[in-house]
Amino acid sequence: MSESVVIVGGGIAGQAVCEALRERDPDAAITLVCGEVSAPYDRVRLSEILVSGEDPETLQLRPGEWYADHDVELLLGRWVTSVDTDDGRLELDDGAELTFDKLVLATGSQALMPPIAGIDLPGVHPFRGPQDCEAIRAAAAGGAQHAAVIGGGLLGLEAARGIAAQGCAVTVIHLLDRLMERQLDAGAASLLAPALAELDIAIEFDRNTTAIIGPEHATGLHFKGGDRLGADLVVVSVGIRPEVKLARAIGVECDRGIVVDDAMRTSIPGVLAVGECAQHRGLVYGLVAPIHDQARVAAATLVDVEAAYLGSVPSAKLKVAGIDLVCAGEAEGDQEAVVTDGAAGIYRKLATRNGRVVGAILLGNTRGSEALVAAVRSGEPIDDPLQALADASLAGPADLPDTAQICDCNGVCKGDLMAAVTEGGCSTPREVMAVTRAGTGCGSCRPAVIEIVAAAAGGLSDEPTYLCPCRKQTREQLAGRIRDDGLESVSDVANACGTGRECGVCKPALAYLVSEVKANRHQEERDARFINDRVHANIQKDGTFSVVPRMYGGVTTPDELRRIADVADKYHVPLVKVTGGQRLDLLGVRKQDLPAIWADLGMPSGHAYAKAVRTVKTCVGTEFCRFGLGDAIGLGIEMEKAWEGLHTPHKVKSGVSGCPRNCAEATIKDIGLVAVEGGWQVRAGGAAGGNVREADILATVETRAEALRVATTFLQYYRENADYKERTYDFIPRIGLQKIREIVLDEKIGAQLRERLQIAKAATKDPWLERDDPYHPRQFSDLDPPETADTAEPHLVGPPAGGER
Amino acid sequence: MTYACRIDDVPLGEGRVVTLDGQRIAVFRAAGGWYALDAACPHMGGPLADGIVCDRAVICPLHDRRYDLQTGEPLGAGDPVAVHAVEVRGDQVFVRVSTREAVAA
Ligand code: SRM
Ligand SMILES: Cc1cc2nc3c(=O)[nH]c(=O)nc-3n(C[C@H](O)[C@H](O)[C@H](O)COP(=O)(O)OP(=O)(O)OC[C@H]3O[C@@H](n4cnc5c(N)ncnc54)[C@H](O)[C@@H]3O)c2cc1C
Ligand code: SF4
Ligand code: FES
């Protein structure tokens, strides 16, 4: 005869124990006693219902038949009032008695209502159950003038969003000076507040509510210091209080919650506790994910199988449409990598302690969150957090391991989703969600579920253009290998996916690809580079080199000009020339003189020798020109500084013209900006070299910041997707202007592209600093002893005597 | 054989020029071993030591002509370039500079 188990409380925890136990023991007699009148439902989705007004019936975790099918006795609207653990008996509020061999307490918690005056007034609500949800919604939609939400935590913000969605003015009242202080650091919090403001949610910080003003119905709040705020709808969301009344009455040891050990046992034999009522190793979790882990362990304990719950790393997603926020673990570590784009509202952070990942915050762009949250959970050791952030932002759900948990609400891993397709015969995301229940909780994982199912269910076919014909591998395939196998260098790629031959044509292309995919955190191998990139200067017909220092936007100073003149004298530079790119070129320089010249110039490299961001030509613009509509010089300089040092599939030349007269020739540049009445035109794909092509208009935008943003987004898209040596004038027609516009103007994709650009940019360094720290001691010198090399006339390599021309 | 350089003087996969017996010689440290060619490309005198080394060939940086490092033969169009024997002893590299006649023969 199998044992009888009574579970007290039909929340997510009660239901989870019920399911985990039934899975382990088909015969156990299970009774689930629910104080609430509805069958177990998904509390998490109340936030959603507050916005949409959907029927709470839709929240049910399982359809009514499920309980009969699984032989679970479900008692609704009944409270357990007393328990006799010696006899294994308990009493319900209607006087009925139940017997049990084992008891599970899953009594959850209640919203914490602080003991301030007026807390009981009509118009004041917690946000915990379906009734609260309905009451708040009815008031917000039905004539409340101004709502106040006390508490700027996750739940408070979700409540405020629900209220704002009904068209009711709402202010979040927060005790501290920043939101969600338990999950976020100051940087993320400072970006969250403006994002909420855009959703019509006002926030007041440093407000300590001392009373709710009545007398018959809430009319306002009273703050410490004497200030007041009018409010006829007040939602209180300041925390939870574990429901331990029954446990205390039974004599079970309680602290904040019911104290349990690693097997989920309480101080009384045969009595377990799971969920928000339980306190494990000093912690009470207010989240769903830990509940599933706890329930699995409790079920094992119930059938006398040894199992241990070792605690959970808390993670949360803010369920506010329009704001993407995922956080896990601790907000701060002893080492932190942060990538932020204030204008785009993006903040991504990875915190480590002693070399292990302890926390992640992803705001505005949550790409790669599954992998990062998994890393936080497992406390993965990591050397380069910034690189991990970069990798995550590139990785799609398809790159995740099978063990990565995709749906936190229902504890579904990627492997479960894959199995539903490959073994379970599902072919659509909808079917997979129905079978696995992934995506049916808070819903925030749905995009990931769809992507994984799509990848598992269908294949891709594409006409290949090979990066190198010897390898018969495309740029995309090689990039995939570099990412997946963590290849760091050109020789890694050759070893991992080469043919054993190397024709050489592809070496510089691979060198670019590795650096691009690895966001400049690759292993540099100079032998794979063309001579120009080995010595950061352009080789000339006689084997000498040219030196073009950077002059941002074509603007220079008397001091720079003097240094250039001095260098030209000192090193007997044969020719100084103004280039077509608005800067100065020192031509005919000996390789061994390069480091000293760079040092004397004290100017950064202009990358005139590289497939990289070259010049930004500018005209005088509003600074001086009587026709100027935009600050061409200022924007040109800003743009050049923002992109300087980035390598590209082919050279990228830019121009910024202050008006459509276009004196900077911006319309024949790879990327060109032209100030027009009311804004900026952003163009790309122009050229006037071997090919002459007018640049296409990507967009016309209102502000300078937007213009730079669109241009930057295009630059990164080109960096990631063009074939090596494919100029923008070939790239745009190949991809299609329409598609490029869609991608570059898409807010989310755009933000991701810019973030990756920023990460790559962060690892760039002026190549001319190699004068102090050369790649090889003989990077700039030949093998002859220095005496002969230095005193001899420049050793120009000429045609050999009698050689043909 | 004449001493040219120490092994570490030439980065792996690259070439460097050295003057031996009055001739400019490009010494290469390829994955498959050491090689030496005349420093100037027979086409227009391009500095072969600055070329990309791959398989057993070097690509001239000026106009991409390609020469077999062992034989000096062009892979494709053009004239051959003189090759010189190389020997590594310990960490030192020695070259036997061949005369122009020897190449012609
Ligand atoms: C120095 C400069 C000429 C000058 O004295 O003004 C120059 C010099 C060279 N250009 Fe240029 N280009 C220079 C501005 C231009 C411009 C005008 C401009 O940028 O405003 C163009 C036309 C615009 C364009 O590219 O759309 C230009 C179109 C080219 C092309 C043709 C590109 C094409 O796709 O059609 C090449 C060949 C190539 O890239 O394969 C080229 C290649 C070259 C190279 C690098 C040839 C080479 O591979 O060695 C020349 C180096 C000569 C040397 O001995 O150093 N250069 N070149 C200019 C440097 C600008 C700078 O400050 O960085
Ligand atoms: C609006 C909202 C949004 C949320 N969003 C998220 C989110 O995005 N992510 C996340 O991880 N978490 C979220 N949470 C928290 C999450 O909902 C809770 O952690 C989880 O529901 C707790 O489940 P539980 O079963 O432990 O407790 P409860 O849901 O409180 O269930 C306990 C049940 O026990 C019953 N009970 C108590 N005493 C007795 C008794 N003596 N006899 C009979 N029955 C009794 C109660 O009536 C209750 O139904 C959210 C919570 C709310 C309110
Ligand atoms: S047009 Fe050019 S590439 Fe040309 S010479 Fe002038 S410089 Fe060279
Ligand atoms: S000089 Fe060597 S290929 Fe032209």
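Author: Happy to! Before we start on contacts, one definition: a polar contact is a pair of N or O atoms within 3.5 Å. Also keep in mind that this is a predicted model.

Reader: Nice. Which residues are closest to ligand 1, and how many surround it?

Author: The shell has 24 residues, and the closest are Thr579(A), Gly580(A), Lys651(A), Gly690(A) and Tyr729(A). Two side chains also have polar atoms by the ligand. An N or O atom in the side chain of Arg583(A) is 2.8 Å from an oxygen atom of ligand 1, and a polar side-chain atom of Ser546(A) lies 3.4 Å from an oxygen atom of ligand 1.

Reader: Which elements give two or more residues to that shell?

Author: Three strands of chain A do: β33 (584–589), β34 (613–618) and β38 (687–688). As for domains, at least three residues come from each of domain 4 (530–605 + 774–805) and domain 5 (621–765) of chain A.

Reader: And how does the shell around ligand 1 split by class?

Author: There are 11 polar, 8 charged and 5 nonpolar residues.

Reader: Great, let's move to ligand 2. What surrounds that one?

Author: Ligand 2 has 32 residues around it, with Glu36(A), Arg43(A), Arg128(A), Glu276(A) and Lys319(A) the closest. Glu36(A) has a polar side-chain atom 2.5 Å from an oxygen atom of ligand 2, and Arg128(A) has one 2.7 Å from an oxygen atom of the ligand. From the backbone, a polar atom of Val80(A) is 3.1 Å from a nitrogen atom of ligand 2.

Reader: How much of ligand 2 does the protein cover?

Author: On its own, ligand 2 has 990 Å² of accessible area, and the protein covers 94% of it. The elements giving two or more residues to this shell are α1 (12–24), α2 (46–52) and α5 (154–165) of chain A. By class, the shell has 15 nonpolar, 10 polar and 7 charged residues.

Reader: Where does ligand 2 lie relative to the domains?

Author: Between domain 1 (4–110 + 242–302) and domain 2 (124–238) of chain A, because both give residues to its shell.

Reader: Switching topic: what does the contact between chain B and chain A look like?

Author: In chain B, 33 residues are in contact with 34 residues of chain A. About 2,700 Å² is buried between the chains, and carbon and sulfur atoms give 51% of that. On the chain B side, Arg16(B), Asp50(B) and Ile52(B) lose the most area to chain A, together 22% of what that side buries.

Reader: Last one: is the peptide bond from Gly214(A) to Pro215(A) cis or trans?

Author: That bond is cis, with omega near 5°. Pro215(A) sits in the loop between β13 (209–213) and β14 (220–223) of chain A. Have a look at Asp206(A) too, whose phi is positive, near 55°. Asp206(A) is in the loop between β12 (201–204) and β13 of chain A. For context, most peptide bonds are trans, and most residues other than glycine have a negative phi.

Key
Residues numbered from 1 in each chain as written. Chains lettered and ligands numbered in written order. Predicted model: local features only at pLDDT ≥ 70, side-chain atom pairs only at ≥ 80, totals over all residues. Heavy atoms only, no water. Near = heavy atom within 4 Å. Polar contact = N/O pair within 3.5 Å; in protein donor to acceptor, adjacent residues only side chain to side chain. Areas by Shrake-Rupley, 256 points an atom, 1.4 Å probe, with all protein chains shown as cover. Helix = DSSP H or I, 4+ residues; strand = E, 2+ residues; numbered from the N terminus. Nonpolar A, V, L, I, M, F, W, Y, C, P; charged D, E, K, R; others polar. Domains from an automatic or database assignment. Contact = heavy atoms within 4.5 Å. Buried area = accessible area lost by both parts, 1.4 Å probe.
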